[in-house]
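User: I would like to go through this model with you. Could you bring it up, please?

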Amino acid sequence: MNVVSATDLELDEPQYKHCTATRNACKLCTPLGACLVFRGIEGTIPFLHGSQGCSTYIRRYLISHFREPIDIAASNFSEESAIFGGSSNFKVGVRNVVAQYQPKMVAVATTCLSETIGEDMERMLYDYLKESWFEGHPHLIKVSTPSYSGTHIDGFHAAVRATVAALALPGERTARINLFPGMVSAADLRHLKEIVGDFGLPCTLLPDYSESMDGETWSEYEKLQSGGTPIADIYASGSAQASVEFGRTLVDFQTAGRFLQERFNVPNRQLGMPIGIRETDAFFETLEALSGNETPAKYAKERGRLVDALIDGHKYVFEKRAIVYGDEDLVVGLSAFLAEIGILPVLCASGGKSRHLKESLRAVIPSLDARTEIREGIDFAEIGELAESLKPDLLIGNSKGYGLARKLGIPIVRVGFPIHDRIGGQRVLHLGYRGAQSLYDTIVNSLMDAKQTSSPVGYSYL
Ligand code: SF4
């Protein structure tokens, strides 16, 4: 926390405004995003260089959302490693993990502690490989993820980039596309694979935790769950015809798509998350251009049914007021969809600080006006303070907003991550016309339910 003297403070401003501390952060730990990416790669074990508590915290969050076991190794910093460095713990830890899990890749992410003491990870990997490399040794990659200077989304994108930077190979141009979807649900990943497959496009979808984090039951415990982006597909990403990357706020971010463009001349198409009609149209138009095929009839029908549903439900949602919060690009996509269906997003809020949330929202909502508050770097205490005067009818975001929704007595539509007070968070579909249909039904029904619940005489069709 920054220290400020009383004379530095404006009398009418609360003191916390001058601090870097947050109260119930609207973001999560940076290596959490990296660990999720790494569990979405075939045979990969995430390895945290830091304390065991970090790995426990991240595992707890991921398990409560996905309801699947996840192993995350750690170099288990002690007081001694915090002072003298953790290089010996690191070497022993990686050797153990390689012996016990026999992974295809060990993917190392740093933590606040190892970043703060300035661990030289490049050197540490070099020294480890010099001593311990053997024929057939798994890949060993690393990503820098200090949590005090980013969010889980920053860790997620950094890990995707670090993976292609380490593994992508040059080659003769192919018909393959790379799809970097950002942090979406397991259901979204399955739907994206279905869509791209229906266009006849071979695809490197990175990451792909649709099976590893939402799989079937096992007859025997699998140390590393099956599924994940095949490593051979990541090698092939360097010779793809194009990359498609979701994320309007990633303007300043060194993404995987930008890396492949710079290193291997793979053109990068930066799109918004395909949430709602317009953003999904843009995604399908891109796939048409890349494949040379028309949108398959089943998606045209899904779009048509969605438009019909919007007409049916319009009277229930028109001019309702919503607070949308969470990951910046999810907030952009959801807000665009809300504007399409006649709901006013009165507050678009994120713990992220890309500095591009406002312009991204303006790009997808041409009618955006001063009635919409847009806040980056916000926490839930501030969202709660703003909510009192904004008079929202509903909240749309992750489970961390539940307490606020309860206090305000309004419904919460759970989307994004984490959803840990409901079952099926990993199966919430956000993307495509099908995802918009599902979101729309949930939003309308939540508003109808709130009206029934609060009505003194009930509200029914009888
Ligand atoms: S110390 Fe840092 S890396 Fe570890 S759990 Fe906390 S925020 Fe995450």
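**Contacts and packing**

User: Which residues does Ser237 touch, leaving out those up to four places away in sequence?

Analyst: Ser237 touches Val164, Ala168, Asn178, Thr204, Leu260 and Val266, where contact means heavy atoms within 4.5 Å. This is a predicted model, in which local features need pLDDT of at least 70, side-chain atom pairs count only at pLDDT 80 or more, and totals for chains, interfaces and linings use all residues. Residues are numbered from 1 along each chain as its sequence is written, and side-chain values use heavy atoms, with hydrogens and water left out.

User: Is Ser237 buried or exposed?

Analyst: Ser237 is buried, at a relative accessible area of 0%; buried means under 20%, exposed over 50% and partly exposed in between, with a 1.4 Å probe and protein chains only.

User: Where does Ser237 sit?

Analyst: Ser237 lies in the loop between helix 9 (231–235) and strand 7 (242–246). Helices (H or I, at least four residues) and strands (E, at least two) are DSSP runs numbered from the N terminus.

User: Changing topic, which residues surround the ligand?

Analyst: Cys29, Pro31, Cys54, Tyr57, Thr111, Cys112 and Ser147 surround the ligand, each with a heavy atom within 4 Å of it.

User: How many of that shell are nonpolar, polar or charged?

Analyst: The shell has 5 nonpolar, 2 polar and no charged residues. Ala, Val, Leu, Ile, Met, Phe, Trp, Tyr, Cys and Pro count as nonpolar, Asp, Glu, Lys and Arg as charged, and the others, Gly among them, as polar.

User: And which residues of helix 12 does helix 11 meet?

Analyst: Ile277, Asp281 and Phe284 of helix 11 meet Tyr299, Arg303, Leu306, Val307 and Leu310 of helix 12. By class, that contact comprises 6 nonpolar, no polar and 2 charged residues.
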